[in-house]
Amino acid sequence: MKRVSTIALLLVFVLGAFAELYAEDIDSSEIKANFSAEQLEVWEREELYWEARKANDYDAYMSLWHQDFSGWPFTSATPVTIESISNGAISFMASRPDGALEYKLEPMGVSFANDKATTFYRVSLSYTTYDGALVAVSGRIIHTFVRDYDSGKWLIISGMSAVP
């Protein structure tokens, strides 16, 4: 019985390693090139998210969020609400000069369920703080958007991020 468990564990490890190798070889530009018009509409909201962060444009950044947001960024030990997103944005934007953020987005998909859309992507970012420290992070992000029927815009209502 122990031999079967060891073999099963080894098989899971090997398959996991191959899955990780395969995931790294995915061409995100090909994925984005095949997005439908509706997927592109939602993906553009992610691009606005990062443009606002780079420009330290708090108002533009916060306009992307639904007031009932809840999510779990990798920087937090517990899930957060819109208040934490706002406070985090103020702190992050105050830590570096405008335009000091560089990033690369790798879209992995946009899926829909009723009036919700979920984006999946990888991001690599770096910036220099006011005190000269270089910060570099890579991770995976999922945002779920809901369409605001008054404005017609997609707003982030939930999300989660992780670093490898």
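In this predicted model, the face of helix H5 (82–94) turned away from its buried side carries the exposed residues Glu83 and Ala94, where exposed denotes over 50% relative accessible area and buried under 20% (1.4 Å probe, protein chains only). The buried residues of H5 are Ile82, Ile85, Ser86, Ala89, Phe92 and Met93. They cover an arc of only 135° around the axis, which puts them on the same side of H5, the arc being taken from the directions from the helix axis to the C-beta atoms. The buried residues of H5 pack against H3, helix H4 (58–62), S1, strand S2 (80–81), strand S3 (101–113) and S4, with contact defined as heavy atoms within 4.5 Å. Helices (H or I, at least four residues) and strands (E, at least two) are DSSP runs numbered from the N terminus.

H5 is also among the elements that each supply at least two residues of the lining of the largest pocket, together with H3 (37–55), S1 (65–72), S4 (116–128), S5 (134–147) and S6 (154–162). S5 gives the most to this lining, with eight residues. By class, the lining has 23 nonpolar, 10 polar and two charged residues, where Ala, Val, Leu, Ile, Met, Phe, Trp, Tyr, Cys and Pro count as nonpolar, Asp, Glu, Lys and Arg as charged, and the others, Gly among them, as polar.

Residues are numbered from 1 along each chain as its sequence is written, and side-chain values use heavy atoms, with hydrogens and water left out. Local features need pLDDT of at least 70 and side-chain atom pairs count only at pLDDT 80 or more, whereas totals for chains, interfaces and linings use all residues.
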